[in-house]
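Hello,

Here is the structure I promised to pass on to you. My notes on its packing and its aromatic rings follow below.

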Amino acid sequence: MLALAGPACADDAMASLVDEVIVTGTSASDLTVRTSATPIDVVSAERIQQTGAADLGQVLQAQAPAVNFPSVTIGSAAGANLNATLRGLAPDQTLVLVNGRRQHKSAFVNVKGGTSRGNQAVDLATIPLSAIKRVEVLRDAAAARYGSDAIAGVINIVLRDEADGGNLTVRAGQYRDGDGQQAYVRLWKGFALPGDGFATFAIDAGHADDTDQFEAPETRAWYFPGDPREATVDKAKFYRGQPEIRTDVRAAFNAAGQLTDQLELYGFATTAFKRTRINGNPLLPRANETVRALYPDGAKPNQWVNSEDRTFGAGLRWEPEGLGEFDLSFTWGDNQQTYRTTKSNNASLGLATPTDFDTGSLYNQQTEVNLGWVTELPIDFGAGPLTFAAGVSGRREFFRIGAGETASWIDGGVPILDGPNAGRPAPYGSMTWQAYLPIDAGSLSRKVWGGYASVEGLITPDLRVSATGRAENYSDFGDVVTGETSARWELNDALALRGSVSTGVRAPSIGQVGYSYTQTTNVVNQTGLFQVRTFKVDTPVAIALGSAPLKPEKSVNLSAGVVWRIGSAASITLDAYQISIEERIALSDNFAGPEVEALLRAAGHPQAISANFFTNALDTRTRGLSLTADWATELFDGDLDLRLAGELNRTEVTKTRAINGRVPIGRQTAGYLEYGTPDIKLVLSGTWSRGPWRVNATGIHYGQYKQLDPVRPEKDQTFSSQQVVNASVAYELTEKVRLSVGADNLFSSTPDRVNQFYIDGGLANSSLNPVNRDGRFVWASLSFDF
């Protein structure tokens with residue numbers, strides 16, 4: 001029987017969907033998803049459990065339509081540092097909070113391609129899924145309230161706050177071809193503390209095997225002409241899919257307790273260690289960079305990325321009678337990544353070359369102190385008091401690059417030992433990944449001071465307004481001021497209008513300011529070896545090429561929407577938005593040519609032929625629509641919750657700034673911004689439950705997206721739209737034991753192959769693909785409550 005649910009079930013289901021109190025983007029204590037003046041999604045712990053996801057980025061990809069999380073396969077450290085985007089903007093334009101506190105960024109700076117090119121963003125995979133109570137995704141700019149980065153929106157990860165109980169879940173799965181096997185254990189436990197307090201511990205631990213994405217014959221010659229081994233070589237074994245996560249351990253702690261009736265002490269911490277093995281491009285037996293005496297049949301180099309991440313926060317909340325609430329907090333966090341290349345060589349060292357290299361490290365740290373105050377003003381317009389909030393903060397950011405060992409970058413002077421090019425200069429440095437050089441090594445820090453004030457509340461019983469202003473001072477580029485105002489007007493019990501106007505900033509990350517890297521090309525000609533170098537913006541070469549100190553991005557956000565509640569069992573929201581960004585920061589394309597080469601030689605870089613650096617090169621405008629529709633009903637004597645959510649957006653580069661007569665951003669990099677994410681994403685999900693049974697199905701539609709060739713428009717590729725279905729079934733074996741089985745990408749939908757796959761021996765995957773080419777992932781879990 002299918003019927004609209006009565007009050008006992010439909011109202012409860014709708015309450016769980018839209019009436020949960022939210023804490024992101026507001027200082028009020030009584031706002032919900034439905035009554036908020038800005039659009040917000042809530043992903044609960046229950047919805048997290050319904051997926052086969054291994055980390056939070058994958059969860060949000062499946063649950064939140066405004067989030068895009070490319071499942072890329074990249075033969076570099078970028079494959080171990082995947083980032084989520086929000087509303088079609090860059091990963092570093094979304095602010096990530098943990099328990100409402102700013103989370104530090106990853107140490108990794110992405111200088112590769114794709115939507116994360118040039119970004120230093122937060123690694124969502126460091127938070128254990130078992131520790132999460134819910135995730136609030138604010139789909140509106142909030143830089144005036146939170147400071148830098150909140151241009152696209154805010155992702156607030158709220159940790160569990162349980163004083164008792166616990167859960168142990170064991171999950172395992174694999175892809176359709178039997179590869180990519182995963183196994184994870186998740187555990188959380190709550191304890192009661194004095195003063196009506198709690199302490200919740202959580203840990204996730206597991207591993208994931210790599211996958212094989214070799215799909216077609218390799219067309220490149222492996223050996224020198226005439227070598228009979230060419231006819232029998234197994235080239236497939238040299239190819240790579242998703243990286244292997246050898247070790248993945250994440251833990252969290254969250255606690256609070258009353259010291260007195262007016263004073264509460266709280267604290268939280270997270271830590272994570274992940275060891276990832278990335279398969280690189282093969283060292284071909286015929287290549288100049290291969291020491292054939294060591295690798296007569298070539299080699300498959302591996303890059304090992306060890307990532308260590310830590311966060312600690314603590315604070316005091318004081319509620320003196322009649323004065324509101326004061327909140328003093330301290331937060332510290334860091335991320336360190338060390339890199340090692342194995343099964344490789346430095347050809348310029350000849351037979352004395354190591355095969356295992358320490359290629360350097362990156363480190364990022366953030367320390368922040370906040371003092372906030374929230375109170376109710378003695379002003380009443382007949383609809384209740386206004387909420388006033390104010391606060392001040394101080395933050396220190398630190399970034400460091402560590403050089404690799406000498407053998408990983410030195411030119412040993414030994415020529416090519418054999419083959420047609422014997423006696424000529426050999427490529428130097430560890431292959432396939434180059435090391436950070438001593439001239440790259442160094443550190444950088446800055447301090448940020450800020451303050452804000454906001455007021456919000458009901459002006460009339462039907463009209464809620466909010467206004468926020470913020471001022472900040474950065475030690476490296478000065479002052480910024482931002483503001484925001486929003487309103488929600490209830491036309492009647494069923495219909496409401498909402499909207500916001502705000503200005504925002506995104507300061508250049510400390511990694512973008514301080515990043516430096518040298519990559520040696522595998523090219524030998526009559527004048528020697530060459531390098532491509534990424535320069536810090538304040539170095540003489542970068543300045544000579546037109547670099548200037550990085551400035552903050554400036555944004556203007558406009559949004560307007562409607563909220564429609566249909567009876568007690570359904571609701572619809574529709575929001576339109578425009579985000580205009582001036583002086584957007586990007587990594588420039590490579591500057592090259594005779595003038596550049598002469599400049600580089602004069603500066604002491606005789607082997608460099610091109611250079612790039614970060615620059616405020618672009619203005620962009622993003623326009624979009626967001627839709628959510630929820631309906632709770634009954635089906636076959638069970639409860640059915642349905643949700644349709646969609647995101648349609650388009651980014652346009654409105655201005656490109658020339659540097660010394662050169663355009664710093666080419667068509668491929670601009671294309672990542674304009675076409676790199678699907679133009680539309682729709683998520684249709686349904687959960688049916690009756691007695692011990694729970695069935696969940698989610699269908700996701702990804703629209704078209706494009707990858708542009710750097711110089712040849714005829715090589716541009718438009719990727720077709722893609723449909724993915726995820727499904728799971730859970731059964732309660734007992735009151736405390738639950739068995740779940742499921743499949744992500746049930747029908748093995750795969751994106752289009754890259755056009756040049758058969759030509760250059762590359763991967764079939766594009767770095768833009770929202771879903772990888774590995775197909776169906778089947779999983780099962782057993783969960784124990786205690």
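**Cores and rings**

The largest nonpolar core has 35 residues, and Leu56, Leu60, Ile132, Val135 and Ile157 have the most contacts inside it. By nonpolar core I mean buried Ala, Val, Leu, Ile, Met, Phe, Trp, Tyr and Cys residues joined through side-chain atoms within 4.5 Å; buried is under 20% relative accessible area, exposed over 50% and partly exposed in between (1.4 Å probe, protein chains only). At least two residues of this core come from each of α3 (56-63), β5 (94-98), β7 (132-138), β8 (153-159) and β25 (570-587); helices (H or I, at least four residues) and strands (E, at least two) are DSSP runs, numbered from the N terminus. A second, separate core of 24 residues includes Val109, Val111, Leu362 and Tyr515.

This is a predicted model, in which local features need pLDDT of at least 70, side-chain atom pairs count only at pLDDT 80 or more, and totals for chains, interfaces and linings use all residues. Residues are numbered from 1 along each chain as its sequence is written, and side-chain values use heavy atoms, with hydrogens and water left out.

Now to the rings. The whole structure holds 14 aromatic pairs (Phe, Tyr or six-membered Trp rings with centres within 6.5 Å; planes under 30 degrees apart are stacked, over 60 edge-to-face, the rest tilted). Phe326 and Trp373 are stacked, with centres 5.8 Å apart and planes at 10 degrees. Phe326 is partly exposed at 25% relative accessibility, and Trp373 is partly exposed at 30%. Phe591 and Phe613 are also a stacked pair, 5.4 Å centre to centre with 5 degrees between the planes. Here Phe591 is buried at 4% relative accessibility, and Phe613 is buried at 0%.

Best wishes
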